[in-house]
Amino acid sequence: MKALLFKGPKKIVIEEIPTPKISNDSLLIRVKAAFICATDLKIFRGERNVKQDIILGHEFSGEVIEVGTSVKNFTVGDHVSIYPIIADGTCDYCLKGFRNRCVHRKTIGIDLNGGFAEYFLAPKEMISLGHLIKIPENVSFEEAALLEPLSTVINSIEKIGVEYGDNVLIIGAGPMGLLHVMMAKLRGAANIIVSDLINERLTIAKELGATCVINPKETDFPYSISKHLNYEIDKIILTVCIPEIIEHLLSIIRPQGKITFFAGSGKTCFSNIDLNKIHYKELTLTATQSATLEQFKKGLKLISSKRLDVKKIITCSFPLLDAEKAFTLRNELKALKVLLKP
Ligand SMILES: [Zn+2]
């Protein structure tokens with residue numbers, strides 16, 4: 001089969017490798033849709049280490065084409081999406097439902113072979129943990145492959161607790177920023193302000209529900225926010241990590257407001273902030289990383305009920321053979337979600 005292997009920073013290659021063979025307790029999936037994530041880009045740029053020769057890709061879906069003799073609940077032809085975490089299921093975090101925080105967590109496409117390939121072997125742990133999710137017919141493979149990024153946004157929105165009437169500032173209008181716009185709208189936010197350096201992205205943010213968009217290249221952001229708006233900002237979500245603006249965000253958010261760090265930085269980064277602002281304003285600073293299985297399933301309900309049209313953040317599509325072109329385009333911020341079709 002053809003697979004995208006990581007060979008080192010800026011070195012990803014499509015190679016012909018043996019198609020994995022199933023055992024009694026595993027099954028084989030023909031990958032139908034896969035997306036490039038910011039984490040894949042960090043790996044591509046050499047900012048995050050993974051094993052050489054690993055198949056990248058953790059946002060994908062496909063069709064079951066071969067089932068091990070002792071596997072129950074799956075049959076050939078099932079459409080599936082992958083909750084890309086292998087957990088032990090027994091540690092304190094797992095028992096509380098936070099398998100994304102499992103002390104023995106392994107991630108598909110980072111620690112184990114992922115979905116940028118023609119076929120994916122779902123290991124027995126994935127099946128027994130319930131991390132292989134059947135997709136109803138009214139959900140496309142593209143939508144199913146977007147469940148993973150959507151679930152991480154659901155985690156973020158739930159953690160910071162976006163509620164009816166909230167004024168929310170979203171930093172960044174990339175794919176994850178835009179999903180935050182859609183989810184904040186769904187949760188009943190009153191005003192959704194979005195900041196980004198790329199005007200085309202801000203236009204899409206408006207179409208998806210942003211009530212105010214700001215390009216810091218064209219205005220003295222973030223000071224201008226307090227001048228322009230006649231309301232307070234309750235919550236701030238950073239979908240891109242910009243240490244230089246944290247101090248300003250502490251100034252413009254209302255007392256008792258909440259700030260969440262959705263995006264990490266590939267490299268170590270530090271920020272000089274006035275801790276007194278956090279104290280005297282009783283601010284909450286929090287963060288999320290990936291999502292729980294429950295949040296993944298909530299995402300599926302929102303997509304299949306047509307409450308969310310996640311396809312709106314897909315801007316282009318490439319065959320797997322053109323993966324390098326797709327990675328470069330995404331890395332240069334010239335596309336939102338880039339679909340790879342193995
Ligand atoms: Zn665990």
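In which loop is D53 found? In this predicted model, D53 belongs to the loop between α1 and β4 (59-67), and its backbone has a positive phi of about 75 degrees although the residue is not a glycine. As D53 has 14 C-beta neighbours inside 10 Å, it counts as partly exposed. A positive phi also occurs at L333, another residue other than glycine, where the value is near 60 degrees. L333 lies in the loop between α12 and β17, just after α12, and is likewise partly exposed because 14 C-beta neighbours fall inside 10 Å.

The overall form of the protein may be described next. Twelve helices and 17 strands are present, and the C-alpha atoms fill a box of roughly 65 × 40 × 35 Å when taken along the principal axes. Buried residues make up 43% of the 342 residues. Of the contacts with a separation of 6 or more, 70% are accounted for by residues 24 or more positions apart.

The protein is divided into domain 1, which consists of 2-145 together with 309-341, and domain 2, which covers 152-287. The contact between the two takes nine residues from domain 1 and eight residues from domain 2. On the side of domain 1 that touches domain 2, three residues are nonpolar and six are charged, while no polar residue is found there. The centres of the two domains, taken over C-alpha atoms, are separated by 29 Å.

For L178, when residues up to four places away in sequence are not counted, the residues touched are A173, I204, A205, L208, I313 and L336.

In α7, which comprises residues 199-208, the buried residues are R201, L202, I204, A205 and L208. Seen down the axis of α7, these buried residues fall within an arc of 160 degrees, so they line one face of the helix. N199 and E207, on the other side of α7, are exposed. The cover over the buried residues of α7 includes α6 (175-186), β11 (191-195) and β12 (212-214). After α7 comes G209, which has a positive phi near 135 degrees.

In α12, which comprises residues 323-331, A323, A326, F327 and R330 are buried. Viewed down the axis of α12, the buried residues fall within an arc of 100 degrees and therefore line one face of the helix. Among the elements that cover the buried residues of α12 are the strands β1 (2-8), β2 (11-16), β16 (314-319) and β17 (337-341), together with the helix α1 (38-45).

Conventions: Residues numbered from 1 in each chain as written. Predicted model: local features only at pLDDT ≥ 70, side-chain atom pairs only at ≥ 80, totals over all residues. Contact = placed C-beta atoms within 7 Å. Domains from an automatic or database assignment. Nonpolar A, V, L, I, M, F, W, Y, C, P; charged D, E, K, R; others polar. Helix = DSSP H or I, 4+ residues; strand = E, 2+ residues; numbered from the N terminus. Buried ≥ 20, exposed ≤ 12 C-beta atoms within 10 Å, placed from the backbone. Arc of directions from axis to C-beta.
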